[in-house]
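Q: Could we go through this model together? I have a few quick things to ask.
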Amino acid sequence: MSSKDTIEFQLPKMGESITEGTILNWMVSEGDGFQEGDILVEVGTDKVDNEVPAPFSGRLIEIKHVAKQVVKIGEIIAILEASDEDVSSSEEKEKNSDKTESKQNKGQSAKKTKEQKTKVPKQIDDSGWKPSTRGNQFYSPLVEKIARDYHISYEELARIPASGADDRLKKSDIFKYIEDGRPAQFAQSQHVEKTSGFQVPDLKFDKGKGKLVEMDRMRQMIADHMVFSKHTSPHVTAYVEADMTKLVEWRNENKAKFQAETSEKLTFTPLFIQAVTKAILDFPMINSSLEGNQIIVKDDINIGMATALPSGNLIVPVVRNSDKKDLKTLAQDVNALVAKARDNKLTSDDTKGSTFTISNVGTFGSLMGTPIINQPEAAILATGIIKKRAEVIEYEDGDKIEIRQMMYLSLSFDHRIVDGYLAGSFLRRIADYLEEDKNFK
């Protein structure tokens, strides 16, 4: 008999900055034996997918974490039984040999079938691209990171042929697809009959002649990000108008005093951030992102503010933890970030981590806007120009027509996460905070 020891198998370290991994696939089942160096489990991280080998020969007794579970480095993922390799009986070795040969034959057969299944056409023919049936399948963190880097939506991911176990999409699959020119990027499902629905026509547009202007790197990134956002999130836009008369009057009366006391200019932006922050505290689901089938409701409130650079491109510096700052501190942060943007001195830390974004299209004279969501956020607010208008105001003794300072607010939201009731209530609450003078401080 061989000597046997039960050992707790921990998720090994996979890199300096990696603290956790996602179990992708167990290569050995409970009760099965393995040899030293055999791959026990595949683990995905946001940097690479790893194959974890067996540190010794033995048998897998118990699996502690199944596929799709996120596990911390050093956490126990399985119970193994170690045994001396050289004491295996010849009968057992023969049985293992037969089992291996059978598994290899099955593997070759399955590989042939998989190859036939996963041939990627260089171009989509007239019948349309045949989509995968993966639906809402789990994707490894590495695959999701590559998809984000190349602006590939989940819908497009579902069309990419997969070669991994259980139809799992691997890193090599997605890079091969990218190398092939992303043939399924705008494909239509094959089940749509040619005569029963709209088909994208192969139009040959006359784009005319003129001066060719090369897009700079930032403009290309903005373009890619906007297209990615539209492909990823079903956008819906809601509108309200706010009577800004009291806020405008309060700011005009206090901006000189505010600057004298704080050495900071009082623009409308910190006032907008203050109102939005209060509304987020009332409706925290707006401050969220979608991760697979789970909604992440953020702990921090970090407000991004779309800002124009000298080149004309837009960038989104971030005011962090706006719920923990008074108007003076918000004004300091806003003015500092705007100055950095104007001087092209923004750092990567200044522009990452936003949980909700404001775009002040009124700065450019726009009445209102329909902004595109800043991924991976759930919504974005556009504030229009503040414009004097004749409005009918209701009083107890009757209606009166008065000149009021009015502004349109528009909220584009991700309808996967946010429904119309939540969006409308949140947007109305922002307007309420902007209209009530007791909130100006």
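Q: How much space lies in the largest cavity?
A: About 50 Å³ lies in the largest cavity, where a cavity is a set of points on a 1 Å grid over the protein atoms alone at which a 1.4 Å probe fits but cannot get out, and a volume is the space filled by probe spheres set on the points, which are joined across faces, edges and corners. This is a predicted model, in which local features need pLDDT of at least 70 and side-chain atom pairs count only at pLDDT 80 or more, while totals for chains, interfaces and linings use all residues. Residues are numbered from 1 along each chain as its sequence is written, and side-chain values use heavy atoms, with hydrogens and water left out.

Q: And which element gives the most to its lining?
A: That is α7, with four residues; lining residues have an atom within 4 Å of a point, and helices (H or I, at least four residues) and strands (E, at least two) are DSSP runs numbered from the N terminus.

Q: Which residues line the largest cavity, then?
A: Among them are Leu271, Gln274, Tyr433 and Phe440.

Q: Switching to Gln405, is it buried or exposed?
A: Gln405 counts as buried because its relative accessibility is 17%, the cut-off being under 20% relative accessible area with a 1.4 Å probe and protein chains only. Gln405 sits in strand β19, residues 398-414.

Q: What does Gln405 touch?
A: Leaving out residues up to four places away in sequence, its contacts (heavy atoms within 4.5 Å) include Asp243, Met244, Ile386 and Lys388.

Methods
Buried means under 20% relative accessible area, exposed over 50%, partly exposed in between (1.4 Å probe, protein chains only). On a 1 Å grid over the protein atoms alone, a cavity is a set of points where a 1.4 Å probe fits but cannot get out, and a pocket is an open set with protein on both sides within 12 Å along at least five of seven lines; lining residues have an atom within 4 Å of a point.
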